[in-house]
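Colleague: Please put the model on screen. I would like to go through it by question and answer.

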Amino acid sequence: GSGVATTKYTLDGVEKTYTGPFNIGEGSHTVQYWSIDNVGNIEGKNTATYVVDTTKPTVEITSPEPGIYFLGNKLLSFGSKAICIGKVPIAADADDGTGSGIARVLFDVNGDTGYDATAPYEYVFRGMNFGSLAISATAIDNKGLASTPDEITVTCFSLGLL
């Protein structure tokens, strides 16, 4: 009944007096807050944790590497092209730095799409294709931010049976 005299808070352990809205930067932050009434009674501390993530994640296709693949197994490393006979094993590394974390990696292979939500991020293309095959991977973080797609082209000879 005496009214609130002041409200205090800590942002990442630094105590301040609340005077109005404030900004917090990129990363994970803990805010504790409490009020003191006009007769000196102190409210128990309340705690909230926030993750501010405004940075897009990154993604890099790591497989197939240059060489010859037969039914998804690498037989020989050479040159600068990947040649796949049968299914095409695709893998990607994704990173969100100190952000909210990776939710999933989306794969697109000539319109055949899929995703993986668990590292290591993998996808297997089993479609029919004779010749050039465009592969892209895009990482999506837990705040919905999307990476710039990583793209590669491989040569693929597949009947889409295996």
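Colleague: How many positive and negative side chains does the chain have, and how far apart do the centres of the two sets lie?

Modeller: This is a predicted model, in which local features need pLDDT of at least 70 and side-chain atom pairs count only at pLDDT 80 or more, while totals for chains, interfaces and linings use all residues. Residues are numbered from 1 along each chain as its sequence is written, and side-chain values use heavy atoms, with hydrogens and water left out. Lys and Arg count as positive, Asp and Glu as negative, and His and the chain ends are not counted; the charge is placed at NZ of Lys, CZ of Arg, CG of Asp or CD of Glu. The chain has 10 positive and 18 negative side chains, with the two centres separated by 1 Å.

Colleague: What is the radius of gyration of the chain?

Modeller: The radius is taken over C-alpha atoms, and the globule rule is 2.2 Å times the number of residues to the power 0.38. For a compact globule of 162 residues the value would be near 15 Å. The C-alpha atoms here fill a box of roughly 80 × 25 × 20 Å along the principal axes. The chain has a radius of gyration of 25 Å.

Colleague: Which residues have the most contacts inside the largest nonpolar core?

Modeller: Such a core is a set of buried Ala, Val, Leu, Ile, Met, Phe, Trp, Tyr and Cys residues joined through side-chain atoms within 4.5 Å; buried means under 20% relative accessible area, exposed over 50%, and partly exposed in between (1.4 Å probe, protein chains only). The largest one has 21 residues, and those with the most contacts inside it are Val88, Ile90, Val105 and Phe107.

Colleague: Where does Pro64 lie, and is its peptide bond from Ser63 cis or trans?

Modeller: Strands are DSSP runs of E with at least two residues, and helices are runs of H or I with at least four, numbered from the N terminus. Pro64 sits in the loop between strand 5 (58-63) and strand 6 (67-70). With omega near 10 degrees, the bond from Ser63 to Pro64 is cis.

Colleague: Is Asn110 buried, partly exposed or exposed?

Modeller: Asn110 is in the loop between strand 10 (102-109) and strand 11. Its phi is positive, about 50 degrees, although Asn110 is not a glycine. The relative accessible area of Asn110 is 44%, so the residue is partly exposed.
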